[in-house]
Amino acid sequence: MSDILRQNLLSPIALAFALGLFARLVRSELHLPKDVYAGLSLYLLLAIGLHGGVELAHASIATITAPAAVTLLLGVLTPVSSYLILRHLGRFGEQDAAGIAAHYGSVSAVTFIAAQQFVKAVGAEPEGFLPTLLTMLEAPGIAVALTIGVMRSQGGSRPIGDTLHEVLTGRTMLLLLGGLTIGFVTGDQNWQMIAPVFDTKGAVFRGVLCLFLLEMGVVAGSRLGDLRKVGPFLLAFGMIVPLLHGSLGAWLGITAGLGVGGATVLGAMAASASYIAAPPAVRLTLPEANPTYYLTAALAITFPFNLLAGIPVYYRVAQLAHGS
């Protein structure tokens, strides 16, 4: 386990993130221009969708049915368990508990990418259709948590249907679903013409990912000061709950027929917290939820924890569940 953790910590992706974090801590001017950062994120999401669609075209319905079912199950279990822990153990208010749960019920696409790169580096090639599972986990967790929040409080000012429309038509879902569709119908010959740029196993993709993680380190570092405001409970929540969700996801992945690599990535998806799709949805539907709580927990605690330490744990859980 120590060798796996060391390999992860010394990967270019983790080190690029650490460099960005360090730059923020020493108050360096280092950061990517906003438009460049946005462009990199668009490229990464489209590449995931395109390559996933190509691989999905090669997968049979029988192969993907069980993994899809456990992914939807995780989309319900993770926000509900997060809400109950925050509400009854953390004593958070209805809207704060539901707002944080929405982030932990959804998924971080960057964590997904980092997990894929990790398992490929250790020789545990994940299934090609996993981007399909990513899209399936993006919206349900947000919907479940926001529904709980609106039903349990009177603060919700926007219908859930309107919020879901915004989530489903946002750039993350459009690029993932659109890329999946294009990749699925384009055929192998057409894919080969753009594969050098969009292949998620290729050098271009990995190089762009390092640049993106560099900026993510800067962004996460900017929220470190908020750790004093969230308190020890949320700090512990941001690490322990992902371990529980990630371990459950890895185990369910193995039971659904995924290999060790695919189960690890599913575990990382279940353990991750969204900081792109969830914040605007929570802000509009649960306006009284404190952004310091959900943004700091998702971005300054859980994201770096998964990137640096969580993913190797989910890999080990998947190995144990697989009997290897």
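**Exercise 1.** In this predicted model, state the volume of the largest pocket and describe its lining.

*Solution.* 
Step 1. The volume of the largest pocket comes to about 230 Å³.
Step 2. Its lining consists of 13 residues; Ser11, Pro12, Ile13, Gln117 and Ala121 are the ones nearest the centre.
Step 3. Sorted by class, the lining of the largest pocket holds 8 nonpolar, 4 polar and 1 charged residues.
Step 4. Four helices supply at least two lining residues each: helix 1 (2-9), helix 2 (12-25), helix 6 (109-121) and helix 11 (203-221). Helix 6 gives the most, with 4 residues.

**Exercise 2.** Find the volume of the second largest pocket, list the residues that line this pocket, and assign the lining to helices.

*Solution.* 
Step 1. Helix 11 has the largest share, 3 residues.
Step 2. The class count for this lining is 9 nonpolar, 1 polar and 1 charged.

**Exercise 3.** Locate the kink in helix 12 and give the phi of Gly257.

*Solution.* 
Step 1. Helix 12 covers residues 227-255, and its kink is centred on Phe233.
Step 2. The angle of this kink is about 70°.

Terms used: Residues numbered from 1 in each chain as written. Predicted model: local features only at pLDDT ≥ 70, side-chain atom pairs only at ≥ 80, totals over all residues. Heavy atoms only, no water. Bend = angle between axes of the 7 residues up to and from the residue. 1 Å grid on protein atoms, 1.4 Å probe; cavity = no way out; pocket = protein on both sides within 12 Å on 5 of 7 lines; lining within 4 Å. Points joined across faces, edges and corners; volume = space filled by probe spheres on them. Nonpolar A, V, L, I, M, F, W, Y, C, P; charged D, E, K, R; others polar.
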